[in-house]
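User: Please take me through this protein by question and answer, with the cut-offs behind each term.

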Amino acid sequence: MTPHPVIQAVIDFAAGAAGGTACVLSGQPFDTAKVKMQTFPTLYRGFIHCFISTFKQVGLRGLYKGTTPALLANISENAVLFLSYGLCQDAVRLLLRMDKGAELSDIQKASAGSLASIFSSLALCPTELVKCRLQAMHEMEATGKVAKGQSSVWSVVKTVLRTNGPLGFYQGLTSTIVREIPGYFCFFGAYELCRTTFAHHMGTDKDSIGILPLMFSGGFGGACLWLVVYPIDCVKSRIQVYSLAGRQEGFIKTFLSIIRTEGFTALYSGLTPTMIRTFPANGALFLAYESSRRFMMDTVGA
């Protein structure tokens with residue numbers, strides 16, 4: 001029995017929130033290293049150097065800097081993403097004149113995920129801006145770009161409101177949307193394709209492939225996302241962090257400036273911790289999402 005559309009939306013929203021929480025808790029230190037290396041690539045020789053330097057200078061808490069906004073960012077992003085994902089699948093069926101509830105192909109699901117990412121970007125951008133600034137605050141203070149004493153969530157929020165107003169939280173929105181649309185096409189497409197492959201070889205359906213294949217599929221989807229969009233994410237991080245010290249150029253000018261002054265490889269600073277993080281973090285995301293969604297669907301008798 002198909003649940004009422006409102007109940008289905010609540011289930012998708014709650015399952016997405018559970019997935020976002022699992023994603024942050026399993027991968028925050030690697031995300032912190034990624035942002036630091038993206039915004040200050042010349043300060044660190046590599047991932048291990050960044051990790052050890054941060055631990056020596058700030059301690060373990062430095063690797064978990066920005067966890068609160070990261071949780072808010074991922075919970076809000078994934079809750080809206082998976083809510084929109086379900087609605088966008090219905091939109092794809094409508095556009096293709098398919099029956100309601102008909103099974104979509106992996107490519108059609110990827111298209112629905114890409115469309116859903118536009119809505120999740122609006123929820124993600126403000127909290128991710130605060131997260132990125134907190135993660136790179138030590139370097140911003142050490143290089144004299146900002147005054148010391150701004151290393152709390154509330155101080156960052158007050159600075160944004162005082163200098164740019166509420167719309168200041170959407171600095172980097174264009175970069176976020178440009179990143180999310182192709183990224184989530186690859187994310188959902190690779191995830192669904194991987195699950196289909198496992199199901200085919202195991203002689204079962206996609207919902208019965210087991211925990212490890214499910215987590216691998218989630219990690220594979222995340223790896224495909226980051227390999228495709230990483231340079232865009234690097235530009236986004238620069239805009240969001242450097243705008244703390246004053247008005248920052250837009251996406252195109254920032255992109256060209258990085259290439260001109262630092263070289264193309266600077267756009268891939270921090271890729272190593274990102275790829276290390278993606279399998280446990282996105283594996284945990286989809287495990288939490290699929291498990292909690294299945295539990296709630298069974299509870300309502302769907």
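**Burial and charge pairs**

Analyst: R93 has a relative accessibility of 11% and therefore counts as buried, where buried means under 20% relative accessible area, exposed over 50% and partly exposed in between, with a 1.4 Å probe and protein chains only. The model is predicted, so local features need pLDDT of at least 70 and side-chain atom pairs count only at pLDDT 80 or more, while totals for chains, interfaces and linings use all residues. Residues are numbered from 1 along each chain as its sequence is written, and side-chain values use heavy atoms, with hydrogens and water left out.

User: With which residue does D90 form a salt bridge?

Analyst: A salt bridge here is a side-chain nitrogen of Lys or Arg within 4 Å of a carboxyl oxygen of Asp or Glu. D90 is partly exposed at 29% relative accessible area. The closest N and O atoms are 2.9 Å apart, and the partner is R93.

User: Which parts of the chain does the pair of D12 and R293 link?

Analyst: D12 and R293 form a salt bridge whose closest N and O atoms are 2.9 Å apart. D12 counts as buried at 4% relative accessibility, whereas R293, at 23%, counts as partly exposed. The two residues are 281 apart in the chain, and the parts they link are helix α1 and helix α11.

User: Which residues belong to the salt-bridge network that includes D233 and R179?

Analyst: The side chains of D233 and R179 meet in a salt bridge at 2.3 Å, N to O. D233 lies in helix α9 and R179 in helix α8, so the pair ties together parts 54 residues apart in sequence. Both D233 and R179 are buried. Through shared partners, salt bridges join one network of D31, K34, E128, K131, R179, E180, D233 and K236.

User: How many helices does the protein have?

Analyst: Helices (DSSP H or I, at least four residues) and strands (E, at least two) are runs numbered from the N terminus. The protein has zero strands, and its helices number eleven.

User: What is the radius of gyration of the protein?

Analyst: The radius is taken over C-alpha atoms, and the globule rule is 2.2 Å times the number of residues to the power 0.38. For 302 residues that rule gives 19 Å, and the value for the protein is close to this, so the protein is as compact as a globular protein of that length. The C-alpha trace spans about 60 × 40 × 35 Å along its principal axes. The radius of gyration is 20 Å.

User: Which residues does the UniProt annotation "repeat: Solcar" cover?

Analyst: The annotation comes from an unreviewed UniProt entry; positions follow the numbering used here, feature names are shortened, and annotations may be inferred rather than shown by experiment. Over residues 7–91 the chain is 87% helix and 0% strand, with end C-alpha atoms 18 Å apart. The annotation covers residues 7–91, 104–197 and 209–295.
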